[in-house]
There are 2 protein chains.
Amino acid sequence: MDIEKVNSMDFGEFVDVFGNVIERCPLIAAAVWSQRPFSDLEDLKKHFFAFIDALPQSDPTSIPGARAGQPLYWDPETGQEGILRCHPDLAGSELRRGTLTAESQREQSAAGLTSLGADERLRLAELNAQYRARFGFPFVLAARFSDRAAVSRELARRLLCPSAQELRTALGEVKKIGSLRLADLLRADPAKL
Amino acid sequence: MDIEKVNSMDFGEFVDVFGNVIERCPLIAAAVWSQRPFSDLEDLKKHFFAFIDALPQSDPTSIPGARAGQPLYWDPETGQEGILRCHPDLAGSELRRGTLTAESQREQSAAGLTSLGADERLRLAELNAQYRARFGFPFVLAARFSDRAAVSRELARRLLCPSAQELRTALGEVKKIGSLRLADLLRADPAKL
């Protein structure tokens, strides 16, 4: 698919095709659509990432509707943490139940996470649970850059990082995943590149 | 399901159960989760709506990362329009292809939109297309409060409204739909109410 094709899409098509660039957040694709035309893959990527970067409301009083004395609807980083919370566990219950998105299924499979032994699955489930309890969002990793041994190693390592740093790391992984998904989509018709 | 049950959910369960309260926007449920505990259905609803109301960025220069001379990533209302763009057409191609969400399928079916004659379908498709071209988002209506005759009448009427008013009306419908979906979910176990 070339960038002219992308720019010619109405929002229904665009959300269909790009709705899962950020896992389970078609709202982001729906907002990015209004920024077309895009000059190339990099430009398209930039708009997806800008939406993510803009989500935190570091000054909740600037939110329309937020008034002194009313509850603040946003923790400083709730929006970005929300994006993380839309991600499934690696080798978790969604993989077992078969409810992963197609993209996620492919990525977890490429990292060998669909063929773990019972011991490895259990070890990963425990680490995932510790991570969620500690940070309030699931462990997110661009699994396509990884393999099964590296996944638990990385999970054990990141479990020990400070929260603010870990939020940044996790959002960086969301962007790596999004980049790869975008590149796949734009390369879907190699004759056009 | 009672509110204690809701408050006891981890974010994975919460996003599974409430992810489609706002059509195809699990990000909103994922962000609302961090505001628990909720006192009742009304309180839960308030948090979903507050996220929607806070989405517009009426002063884009307040967005972190937005600098003088850089492109502004948000039109004043892109975020809220994004929510609308995640909605399917009524009696449109998604209904035909069978790719509606379960909730949307049920609602369109309740309004009789799954059993339109070819003429009515065509008429509605034309009105939907005109509406999308005019406003940049699809026609959204809480179909459960409606029937097939009322849907096209309302569509024809709203097609003539000023844009700013129509954006408000459409978001009001999103909230009606969300209210009904939340009420369904909370009532799912009547023995507990």
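Modeller: To start, B:D89 is buried, with a relative accessible area of 19%. Keep in mind that this is a predicted model.
Colleague: Why does B:D89 count as buried?
Modeller: Because the cut-off for buried is under 20% relative accessible area, and B:D89 has 19%.
Colleague: Which side chain does B:D89 meet in a salt bridge?
Modeller: That of B:R132, at 2.3 Å from N to O. B:D89 sits in the loop between α5 (78-85) and α6 (93-97) of chain B, and B:R132 in helix α8 (residues 118-135) of chain B, so the pair ties together parts that are 43 residues apart in sequence.
Colleague: And B:R132, buried or partly exposed?
Modeller: Partly exposed, at 24% relative accessibility.
Colleague: Which residues do salt bridges with shared partners join into one network?
Modeller: B:E23, B:E107, B:R144, B:R181 and B:D184.
Colleague: How many salt bridges over all chains?
Modeller: The count comes to 31.
Colleague: Give me one from chain A. What does A:R148 pair with?
Modeller: The side chain of A:R148 forms a salt bridge with that of A:E120, with 3.0 Å from N to O.
Colleague: Where do A:R148 and A:E120 lie?
Modeller: A:R148 is in helix α9 (residues 148-158) of chain A, while A:E120 belongs to helix α8 (residues 118-135) of chain A. The pair therefore ties together parts that are 28 residues apart in sequence.
Colleague: How accessible are the two of them, A:R148 and A:E120?
Modeller: A:R148 is partly exposed, with a relative accessible area of 31%. A:E120 is partly exposed too, and its value is 36%.
Colleague: Back to chain B. What is the N to O distance for B:K5 and B:E13?
Modeller: Their side chains meet in a salt bridge at 3.8 Å.
Colleague: Why does that one count?
Modeller: Because the rule asks for a side-chain nitrogen of Lys or Arg within 4 Å of a carboxyl oxygen of Asp or Glu, and this pair has 3.8 Å.
Colleague: Accessibility there, for B:K5 and B:E13?
Modeller: B:K5 is partly exposed, with a relative accessible area of 37%. B:E13 is also partly exposed, with 34%.
Colleague: Now the serine. Where is B:S152?
Modeller: In helix α9 (residues 148-158) of chain B.
Colleague: Is B:S152 buried or exposed?
Modeller: Buried, with a relative accessible area of 17%.
Colleague: What is B:S152 in contact with, leaving aside neighbours within four places in sequence?
Modeller: B:L124 and B:L127.

Methods:
Residues are numbered from 1 along each chain as its sequence is written. Chains are lettered from A and ligands numbered from 1 in the order in which they are written. This is a predicted model: local features need pLDDT of at least 70, side-chain atom pairs count only at pLDDT 80 or more; totals for chains, interfaces and linings use all residues. Side-chain values use heavy atoms; hydrogens and water are left out. Helices (H or I, at least four residues) and strands (E, at least two) are DSSP runs, numbered from the N terminus. Buried means under 20% relative accessible area, exposed over 50%, partly exposed in between (1.4 Å probe, protein chains only). Contact means heavy atoms within 4.5 Å.
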